[in-house]
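Let's take a walk through a protein together, one stop at a time. Have the sequence and the 3D view ready as you read.

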Amino acid sequence: MSIVIIRQDDKIELWKNALQEAAPDIKIYSYLESHPVDEIEVALVWKHPKGTLTKYPNLKYIACSGAGVDFIFEDDTTPQNLPITRVVDTMLASDMSEYVIAAIFSHLKRFYEYKVNQTKSLWKPEQYKRIRDYTIGILGLGALGTVLAKDLVHFGFKTQGWSNSRKEIPEVQAFAGQEELHEFLSSSEILVCLLPLTNETSGILNKQLFSQLPVGAFVINAARGGHLVDADLIEMLDNQHLSGATLDVFHQEPLSSDHPFWQHEKIHITPHYASVSDTSSVVPQIIENYRRMQQGRSLLNLVSTDKGY
Ligand code: GLV
C-alpha cells in the first residue's frame with residue numbers, strides 16, 4: 001500500500017526521495033505521476049490543489065507535512081471523517097523561535113530603522129532598548145508558542161501568553177479566554193501571533209485588538225495571513241499607535257507586487273520562511289504514523305476536527 005504526496009511547490013521530489021530512503025518498503029508517489037489511486041492509503045499534503053483528495057477511495061488518513069492545517073479545512077471537498085495529522089517537531093518549533101527572536105532584537109536595537117536611514121545616508125543614533133524594557137505577549141501557546149515562551153524567559157524577557165485554555169509554563173504569565181484577552185493585550189509591548197488559523201481566529205489581528213495594545217507596540221505575525229486585517233494594520237501604523245510590524249505570512253502568497261505592505265517603511269516582510277518542515281526531522285514521524293496505521297495503533301499528532309487545529 002502507498003503514500004501519495006500532493007503539494008504545489010517544487011519540493012515533491014525532495015519529500016519523495018527522503019521518504020523512500022527512510023522506508024524502502026513503502027511505495028511513494030507524486031500526485032503528478034501516474035499512480036494506482038486505489039492503493040493510496042495516505043495523502044501527505046501541503047497546500048494541495050483543492051479537490052485532489054477526492055480521488056482516493058481507500059484513503060485512511062491525511063497527513064499534513066507542516067504544522068498548520070487550515071488549508072485542509074478550507075478545501076470543502078476534503079473527505080469528511082478521515083483523521084488528519086499534522087507535524088509537531090522540535091526543529092520546526094526552534095526555527096520559529098529563532099525567527100521571532102531575530103525580529104524582536106531587530107526592533108529592540110532599531111536595526112529596521114537604521115536600514116531605512118542607510119538608504120538615505122542618514123547618520124542618526126537613537127536611544128536603544130534593553131531586554132528588561134519589554135514585555136512580550138504571545139498569542140497562542142501551542143507547540144510553537146510554548147518553545148518561544150521558554151526561550152524568551154531564558155533571554156530574560158518578561159513573557160506572557162494567551163491561549164484558549166490556560167497553559168502553565170514556568171515564569172510565563174498565562175492568560176486564557178476572551179475575558180482575559182484585554183488584560184493580556186494592554187501589557188504586551190511586542191505582540192507575537194502564533195495562533196492556528198480557524199473560524200475563531202480569522203481576522204483577530206484587527207483595529208479593535210491593536211487599539212488595546214500599548215501605544216508604540218510592535219507586532220509580529222508568523223502564523224497565517226488570514227489572522228491579519230491588512231488595512232487595519234496600515235491604519236494603526238500610520239496613526240502612530242503601532243510602531244512597526246514584521247510579517248512572514250500573507251493572505252495571498254507570494255504577496256502581490258502592488259500590495260501596499262511592500263512600500264511601507266514600518267512593515268518588514270519575509271517570504272513565509274520562518275519555520276519550514278525539514279525532511280530530516282519530519283520524515284521519521286510521517287513513517288512512524290504510517291506504521292501505526294498499518295498496525296491499527298492510534299496516530300500521533302492528530303488534529304481535532306472540532307477545533308480545526
Ligand atoms: C508552516 O507554515 C507550517 O504550518 O508548517
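Which residue just after α4 takes a positive phi? The residue is serine 121, with a phi of about 50°. Before going on, a word about the model: it is predicted, so local features need pLDDT of at least 70 and side-chain atom pairs count only at pLDDT 80 or more, while totals for chains, interfaces and linings use all residues. Residues are numbered from 1 along each chain as its sequence is written, and side-chain values use heavy atoms, with hydrogens and water left out.

Let's stay with α4, which covers residues 111-119. Helices here are DSSP runs of H or I with at least four residues, strands are runs of E with at least two, and both are numbered from the N terminus. Within α4, Tyr112, Val116 and Asn117 are buried, where buried means under 20% relative accessible area, exposed over 50%, and partly exposed in between (1.4 Å probe, protein chains only). An α-helix has 3.6 residues a turn, so residues three or four places apart point the same way. On the other side of α4 you will find Phe111, Lys115 and Gln118, which are exposed. The buried residues of α4 pack against α3 (90-108), β10 (217-221), β11 (242-247) and β12 (267-269), with contact meaning heavy atoms within 4.5 Å.

Next, look at helix α8, residues 230-238. Its buried residues are Asp230, Asp232, Leu233, Ile234, Met236 and Leu237, and they pack against α7 (207-210), β11 and β12. Just after α8, glutamine 240 has a positive phi of about 70°.

Most residues other than glycine have a negative phi, and most peptide bonds are trans. Asparagine 81, in the loop between α2 (70-74) and β5 (84-85), has a positive phi near 65°. Arginine 110, in the loop between α3 and α4, also has a positive phi, of about 65°. Are these two residues buried or exposed? Asparagine 81 is exposed, with a relative accessible area of 80%, whereas arginine 110 counts as buried at 18% relative accessibility. In the loop between β11 and β12 lies proline 254, which is joined to glutamate 253 by a cis peptide bond with omega about -5°.

Now turn to the ligand. Which residues are around the ligand? They are Trp46, Gly66, Ala67, Gly68, Arg224, His272 and Ser275, each having a heavy atom within 4 Å of it. An oxygen atom of the ligand lies 2.7 Å from a polar backbone atom of alanine 67, and an oxygen atom of the ligand is 2.8 Å from a backbone N or O atom of glycine 68. Arginine 224 uses its side chain instead: one of its polar atoms is 2.8 Å from a ligand oxygen. Such polar contacts are pairs of N or O atoms within 3.5 Å; within protein, one must be able to donate a hydrogen and the other to accept it, and residues adjacent in sequence count only if both atoms are side-chain atoms.
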